[in-house]
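Hi everyone, thanks for coming.

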Amino acid sequence: MLLSGQVVAITGSAVGIGRALAVACAAEGADLALLDIDAPANLETADAVRATGRRALALDCDIADAGGVRAAFARILDELGRVDVLFNNAAVYIDTSLTRGTFASQSEGYARSIEICALGGYYCTLAAVPSMRANGGGNVINLITEHIKEGHMMAGLGSSGYDAAKWVQWRQTESWAVELEPYGIRVNALGPGATDTPMLRAVSVPHAENGMKPEDVALAALNVIRQGPKGPTGQTYIFGISGQPREVGRREAEAILTRSEGDRIP
Ligand SMILES: NC(=O)c1ccc[n+]([C@@H]2O[C@H](COP(=O)([O-])OP(=O)(O)OC[C@H]3O[C@@H](n4cnc5c(N)ncnc54)[C@H](O)[C@@H]3O)[C@@H](O)[C@H]2O)c1
């Protein structure tokens with residue numbers, strides 16, 4: 001199996017894409033470290049992992065808290081022994097419009113958007129890299145978005161905080177890929193289109209119902225890993241552009257396996 005003997009850490013593992021990633025990695029033989037602030041739902045993900053026969057460590061961890069991340073990864077190393085794959089998947093979609101809400105609500109929402117994706121992803125990667133180096137390699141996969149260039153403001157969603165956070169994660173992908181290549185650690189980003197998760201349902205139920213399913217994103221993620229230790233790094237794979245039938249996104253997720261380059265973001 002692809003991930004036999006490996007440990008996969010996933011942030012935002014309680015629901016949506018994170019849960020699908022957990023179940024897909026367990027089916028490929030991995031043990032799972034599950035980091036989320038939604039403890040009850042995260043335990044359900046852990047149960048789903050254990051149902052496949054793999055180990056699951058559910059950690060109640062706010063990844064925007066550096067000390068909490070440090071403690072969580074210390075527990076992962078203590079109880080599961082290593083980290084081979086990290087998915088920086090946790091995010092929040094908060095209305096950060098400059099023309100709605102109050103100063104307090106909008107400024108807190110903007111800070112939270114950046115803290116979780118940009119800082120939280122950094123903290124988790126910082127904590128995971130020593131084990132990957134000790135193992136002789138690994139994979140970091142950042143979940144960004146199909147709209148990395150134009151953002152979601154075009155749809156009037158007031159999402160400049162989310163878009164800025166995703167832009168940072170895109171930039172981190174390329175920078176970390178260069179920095180970590182000598183250690184055999186690949187760093188890539190996935191930019192899925194609309195996917196049926198609690199996050200998208202909170203914004204638009206029709207978009208969620210017509211979009212991809214979380215397991216399609218998990219297929220794309222496993223195909224990035226299947227590219228192998230010498231596979232592409234620093235790439236962004238955009239797939240399942242919103243508005244297309246689900247089957248198109250699924251085919252694009254499958255095609256990642258044989259792609260030597262991601263999509264260029266001019
Ligand atoms: N759903 C889509 O259409 C879509 C499209 C493109 C990209 N993405 C990206 O995919 C990723 C997963 O999205 P989703 O739709 O499954 O989201 P979701 O909101 O359905 O799930 C996100 C999970 O992250 C957790 N989380 C939030 N803040 C956290 C924190 N501070 N610490 C730990 N966990 C935290 C939540 O509790 C939740 O379990 C995100 O990075 C998102 O930006 C989603």
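Before we start, a word on terms: strands here are DSSP runs of E, at least two residues long, numbered from the N terminus. And please keep in mind that this is a predicted model.

Is Leu-34 buried or exposed? A residue is called buried if 20 or more other C-beta atoms lie within 10 Å of its own. Leu-34 has 28 other C-beta atoms within 10 Å, so it is buried. Setting aside its neighbours within four places in sequence, Leu-34 is in contact with several residues, including Ile-10, Ala-22, Asn-42 and Leu-59. Now find Ala-14: Leu-34 and Ala-14 are 20 residues apart in sequence, and their C-alpha atoms are 7.7 Å apart in space.

Next, the ligand. How many residues surround the ligand? There are 31, and the closest are Gly-12, Gly-16, Ala-91, Thr-197 and Met-199. Sorted by class, the shell has 18 nonpolar, 10 polar and three charged residues.

Last stop: helix α9, residues 246-255. Its buried residues are Gly-249, Glu-252 and Ala-253. Seen down the axis of α9, these buried residues fall within an arc of 105°, so they line one face of the helix. The general idea is that an α-helix has 3.6 residues a turn, so residues three or four places apart point the same way. And what covers the buried residues of α9? The cover includes α8 (214-226) and β7 (236-239).

Methods: Residues are numbered from 1 along each chain as its sequence is written. This is a predicted model: local features need pLDDT of at least 70, side-chain atom pairs count only at pLDDT 80 or more; totals for chains, interfaces and linings use all residues. A residue is near a molecule or strand if its C-beta atom, placed from the backbone, lies within 6 Å of it. Ala, Val, Leu, Ile, Met, Phe, Trp, Tyr, Cys and Pro count as nonpolar, Asp, Glu, Lys and Arg as charged, and the others, Gly among them, as polar. A residue is buried if 20 or more other C-beta atoms lie within 10 Å of its own, exposed if 12 or fewer, and partly exposed in between; C-beta atoms are placed from the backbone. Helices (H or I, at least four residues) and strands (E, at least two) are DSSP runs, numbered from the N terminus. The arc is that of the directions from the helix axis to the C-beta atoms. Two residues are in contact if their C-beta atoms, placed from the backbone, lie within 7 Å.
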